[in-house]
Amino acid sequence: MSKPLLTADPHAGFLAHADEIRAAVDRVLAGGRYILGPEVEAFEREFAAYHGGGHAVGVANGTEALALALQAVGVKAGDGVVTVANSASATAAAIQEIGAQPVFVEIEDDAMLMSPAALEAVLAAQKGKVKAVVPVQLYGLPAAMPAILALARRHGVKVVEDCAQAHGATLDGRKAGTWGDAAAYSFYPTKNLGALGDGGAVFTRDAAVAEQLRLLRQYGWRQRYVSEIPGRNSRLDELQAAILRVKLKYLDAENATRRTLAARYLKILAGAPLQLPVIPPGTEPVWHQFAVRTPRRDDLQAYLAAREIHCGVLYPMPIHRQPAYAVPALSLPVTERACAEVLCLPVHPALASGDIDRVGEEILRWSRS
Ligand SMILES: *Cc1c(COP(=O)(O)O)cnc(C)c1O
């Protein structure tokens, strides 16, 4: 039996930098600061610099990053927040966590990203109720940010990017995360920039938003033991920050590896009876996932799994159909079809081109079976 191939491989991501990561962990253990210390500060500086300047605020995870970013840009309980339904349920959970209401809009059929036309219709229909929009930069592809920003500005609505899958992606030469009023990142171990535990951050160019985030993430404290506003505990710890500093140095190189692997898939699968990923013009994706589509998705997934090729389905059930967030009256046919057809092939930096060839050959064999 050949080596199992996984959609993501955080262990391989650790092994690739094991010596440096162990040294970083030792440094923290010996340093004696374990929460919000020099490693978090240094990581925040380095992650902000990665965006060409601005402010990064480390938080507990990606869900918290979204919730706190929405709060920091002024979203309040009862406000509507527009997002898509083909995302991690975390996107909706973050909106609900602060008492706001998710409003799901349709996606575009090609890249499966937020449809600006659908956004425009919802903003017009729900005038005044919607206070923010959360485009999800899904699979490593930025959504149509110029159009989304123009609509948001016209309607006086804030934009918080969900960048949990798009560390380093660009659109028109500009990084994901730098378009909106704030951007939420997850460093869950499987993400392109992954910690070895939970972690998250918010990036913003707005110093006032960053200041608000620093209060919100730690009990509303500016001064220790004095809560200036109601806050919570959502801190990034020193160990994860030190690990993330190592991983950040390799992010661009690892994204480049993902691009090479994705290009190989695109070439091998060019004639296969599958919908291959569509890359909107001007986009440099970072291939968090390589998402193909076929109405025979379950069959292909089982065929590959039987050959030790383990694919992911992001996401099998749209959020507006999940029991916790169900909106029975809402129909989003393009989203629903995407969720029924999508299959995410293994694409992570520990794979070799031979692994991609193996997946490609098995898919071609499946298509002839
Ligand atoms: C991973 C992910 C999140 C949640 O991040 P956590 O760190 O797991 O809380 C949110 N949105 C998207 C699109 C994600 O992929």
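# A tour of the cavity, the pocket and the ligand

Begin with the lining of the largest cavity: 11 nonpolar, two polar and two charged residues. Here Ala, Val, Leu, Ile, Met, Phe, Trp, Tyr, Cys and Pro count as nonpolar, Asp, Glu, Lys and Arg as charged, and the others, Gly among them, as polar. This is a predicted model, where local features need pLDDT of at least 70, side-chain atom pairs count only at pLDDT 80 or more, and totals for chains, interfaces and linings use all residues. Residues are numbered from 1 along each chain as its sequence is written, and side-chain values use heavy atoms, without hydrogens or water.

**Stop 1: the cavity.** Select Y139, L141, P277, V278 and A291. Of the 15 residues that line the largest cavity, these lie nearest its centre. The cavity holds about 90 Å³ of space. There is one cavity of 30 Å³ or more. On a 1 Å grid over the protein atoms alone, a cavity is a set of points where a 1.4 Å probe fits but cannot get out; a pocket is an open set with protein on both sides within 12 Å along at least five of seven lines; lining residues have an atom within 4 Å of a point. Points are joined across faces, edges and corners, and a volume is the space filled by probe spheres set on them.

**Stop 2: the largest pocket.** About 390 Å³ of space lies here. Now select A88, S186, Y188, K191 and Y315, the closest to the pocket's centre among its 28 lining residues. The lining has 12 nonpolar, 13 polar and three charged residues. Colour α4, α5 and β8 (182–186): each supplies at least two residues of this lining. Helices (H or I, at least four residues) and strands (E, at least two) are DSSP runs, numbered from the N terminus.

**Stop 3: the ligand.** Show the ligand, which sits in the largest pocket; more than half of its atoms lie within 2 Å of the pocket's grid points. Two elements give two or more residues to the shell around the ligand: α4 (62–72) and α5 (89–97). Next select G62, T63, D162, S186 and K191, which come nearest of the 14 residues around the ligand. Near means a heavy atom within 4 Å. The shell divides into five nonpolar, seven polar and two charged residues.

- An oxygen atom of the ligand lies 2.7 Å from a polar backbone atom of G62.
- A ligand nitrogen atom is 2.8 Å from a side-chain N or O atom of D162.
- A ligand oxygen atom is 2.6 Å from a side-chain N or O atom of S186.

**Stop 4: two backbone details.** Return to Y315. A cis peptide bond joins L314 and Y315, with omega about 10°. Y315 is in the loop between α10 (297–305) and α11 (333–341). Finish at L36, in the loop between α2 (18–31) and α3 (38–50). Its phi is near 40°, a positive value in a residue other than glycine.

Definitions and conventions
Polar contact = N/O pair within 3.5 Å; in protein donor to acceptor, adjacent residues only side chain to side chain.
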